[in-house]
Amino acid sequence: MRIRRETADDVAAIRAVHAAAFHHDDGPAVPVEVGLVDALRADDGWLPALSLVAVTDGGEVAGHVVCTRGRVGDSPALGLGPIGVLPGQQRRGVGSALMWSVLGAAEALGESLVVLLGHTDYYPRFGFRSAAELGIAAPVADWEGPYFQALALSAYRPEILGEFRYAEPFHLL
């Protein structure tokens, strides 16, 4: 497995990853995450260095993660997600490899804070904790609570407080 930046040739495979990863029999034919990634790619908040794919030894795109530009007040921050892995590749470390890679890339770029909405049994292993513990509020009241999580990176400053704002496509969901 190799982790690398997304290229233009990966767009269709990334759509397929998110379509398979987020498919539910009782859900929409095309999961919302598929359109979200396309909308994020067209948004000013898109950060090409933080859109990564996991590629198998056979050249198949098996997973994808993206961080886009968000804000806490006037301070830049990152919104992580979606992250998706092909069902046949899940529970093999692909998601963890993508997470560690995107967090390492964010750290190397001097980013201060990564925020996400996700499962409390998965993301704390990467250092995420309730965003409220850092004084970061969710942009939607329904998101408040333990699932709205944040990770302070080395460039984090305690005065980064307030409501987090994702890249615009997240607010159109």
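Tutor: The UniProt record, an unreviewed entry, places the feature "domain: N-acetyltransferase" at residues 1-158; UniProt positions are given in the numbering used here, feature names are shortened, and annotations may be inferred rather than shown by experiment. Please note that this is a predicted model, in which local features need pLDDT of at least 70, side-chain atom pairs count only at pLDDT 80 or more, and totals for chains, interfaces and linings use all residues. Residues are numbered from 1 along each chain as its sequence is written, and side-chain values use heavy atoms, with hydrogens and water left out.

Student: How much of residues 1-158 is helix and how much is strand?

Tutor: The chain there is 23% helix and 32% strand, with the end C-alpha atoms 37 Å apart. Helices (H or I, at least four residues) and strands (E, at least two) are DSSP runs, numbered from the N terminus.

Student: Which residues of helix 2 are buried?

Tutor: In helix 2, residues 32-41, these are E33, V34, L36, V37 and L40. Buried means under 20% relative accessible area, exposed over 50%, and partly exposed in between (1.4 Å probe, protein chains only).

Student: What puts them on the same side of helix 2?

Tutor: They cover an arc of only 165 degrees around the axis, and therefore lie on the same side of helix 2; the arc is that of the directions from the helix axis to the C-beta atoms. These buried residues pack against helix 1 (11-21), strand 2 (46-55), strand 3 (61-72), strand 4 (75-85) and helix 4 (168-171).

Student: Why is E6 counted as buried?

Tutor: E6 is found in the loop between strand 1 (2-5) and helix 1. Its relative accessibility is 15%, and the limit for buried is under 20%, so E6 counts as buried.

Student: What makes the approach of E6 and R41 a polar contact?

Tutor: A polar contact is a pair of N or O atoms within 3.5 Å; within protein, one must be able to donate a hydrogen and the other to accept it, and residues adjacent in sequence count only if both atoms are side-chain atoms. The side chains of E6 and R41 are joined at 2.7 Å, and the side chain of E6 also makes a polar contact of 2.4 Å with that of S51.

Student: How many aromatic pairs does the structure hold?

Tutor: There are eight aromatic pairs. Rings of Phe, Tyr and Trp (its six-membered ring) pair if their centres lie within 6.5 Å; planes under 30 degrees apart count as stacked, over 60 as edge-to-face and the rest as tilted.

Student: Why is the pair of Y122 and Y123 called edge-to-face?

Tutor: Their ring centres are 4.9 Å apart and their planes stand at 90 degrees, so the pair is edge-to-face. Y122, at 22% relative accessibility, counts as partly exposed, whereas Y123, at 11%, is buried.

Student: Why does R91 count as exposed?

Tutor: R91 is found in the loop between strand 4 and helix 3 (94-108). Its relative accessibility is 86%, so R91 counts as exposed.

How values were computed
Contact = heavy atoms within 4.5 Å.
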